[in-house]
Amino acid sequence: MSTSFPSLFPGMLLDAAGRYAEDHIAQQIQGDPVRELGWTATLVPEEAGGVGGSLSDLASIVEGLATHGLQLPVVETCAVVPLLLQAAGAETAHRWLEAVAEGSARIAPMTALSATPEDPAITARHLDIGYALSGVVQGVDLTLPATHYLVPAQLDGGDEALFLVDAERIGAPAARYRTMEGRLAADFALEQLAVPEGACIARGAAVREARARATDVALLLTAVDTVAALATLIRQTVLHLKERRQFGVALASFQVLRHRVADMYVKYLGAKGLVIHCFHAWEQGAPDLRRTLRLAKVSLAESARACAEAAIQMHGGMGVSEEVLATRTAERLIASEFRYGDRLLHAARLLAPHQPAPQVSFSNQTGSVR
């Protein structure tokens, strides 16, 4: 019983992320490792003090962390934030992207983990001086400390806007809790929160395009996380079956269990092929990219859940203990189904009457619009 799991995005970033995850998997997260390791600068253009890296570079980090089961909000902090900031004017975007790259500003998106950046839960009413923000956002990632929040909102006139608000002004969340896969999350309830005029850093078409871009990248990186976690789950399951014995023989010798592992491996190969196809579609600027990502989301969610359930069953009593890496990985896979919209949401939107998506082109080096 042997299987092969070549990396999706091999390289130094994958190795570095994997080593960090392996060294810290049993420890509580201290400080702000994502910024300390410089990962927030990955998609920030060089002229703004960033690395000017590609999405593949960030995907390497996501894969390395998922392979060893460490939860860090890389997608939210390193992808969603810089992509949303690009909606602002050139001077404003440059200033805040530079702050993100150097770590002087710790910006987090105030978006629900279960929703896409295109689905704002906040409304904004224009006052004589400034704005009033209202709404409830459930499931905001709080794993890392934040000095500012990026708040997508719907203006009272129907337009879309993006606000950058100090964390102190936002205040304490209404509730804090641990998510299924071990993240720290919170619910925020804003009731006529007054913010100054300058807090609105972008509005209109630029915000719509940035939110669409952030949604595509978040869906794509979550798919990478799912495939990397699937590989780990299968490796751990094979190792368990080889080590555990029943009736004097290894569990790996039972044909029915071998068939179940083979079925998991076939699902993994299909999932890996889907992610590679999605990356090619993104790199080529395919006009139907969002449809491809939605289809991948539906397929990956079904495969991941089936593999997670099979692995837990084959681990027996150990499969319900969070001390076992396979169990934590199974939880991660099931939770990923609900990240940035669950499969039912994306299936419903696939079946809805067609609406043309914003035409957004990417730079493979910086992730910026051109």
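Leu55, Leu58, Ala59, Val62, Glu63, Ala66 and Thr67 of α3 touch Val217, Leu220, Leu221, Val224, Asp225, Ala228, Ala229, Thr232 and Arg235 of α7, where contact means heavy atoms within 4.5 Å. Sorted by class, this contact holds 11 nonpolar, two polar and three charged residues (Ala, Val, Leu, Ile, Met, Phe, Trp, Tyr, Cys and Pro count as nonpolar, Asp, Glu, Lys and Arg as charged, and the others, Gly among them, as polar). The model is predicted, so to speak of local features takes pLDDT of at least 70 and side-chain atom pairs count only at 80 or more, while totals for chains, interfaces and linings use all residues. Residues are numbered from 1 along each chain as its sequence is written, and side-chain values use heavy atoms, with hydrogens and water left out.

The axes of α3 (residues 55-67) and α7 (residues 205-243) come within 8 Å and cross at roughly 35°. Here helices are DSSP runs (H or I) of at least four residues, numbered from the N terminus, and axes are lines fitted to C-alpha atoms over the stretch in contact, with angles from 0 to 180 degrees between N-to-C directions. The crossing of α3 and α7 is right-handed, that is, the near helix is turned clockwise from the far one by less than a right angle.

The whole structure has four cavities of 30 Å³ or more (on a 1 Å grid over the protein atoms alone, sets of points where a 1.4 Å probe fits but cannot get out; lining residues have an atom within 4 Å of a point). The largest cavity has a volume of about 190 Å³, the space filled by probe spheres set on grid points joined across faces, edges and corners. It is lined by 17 residues, with Gln71, Val75, Arg183, Asp225 and Arg332 closest to its centre. Helices α3, α4 (74-85), α7 and α10 each bring at least two residues to this lining, which splits into eight nonpolar, three polar and six charged.

Aromatic rings come next. Seven aromatic pairs turn up in the whole structure (Phe, Tyr or Trp rings, the six-membered one for Trp, with centres within 6.5 Å; planes under 30 degrees apart are stacked, over 60 edge-to-face, the rest tilted). The rings of Phe9 and Phe279 have centres 4.7 Å apart and planes at 55°, so this pair is tilted.

Technical notes:
1 Å grid on protein atoms, 1.4 Å probe; cavity = no way out; pocket = protein on both sides within 12 Å on 5 of 7 lines; lining within 4 Å.
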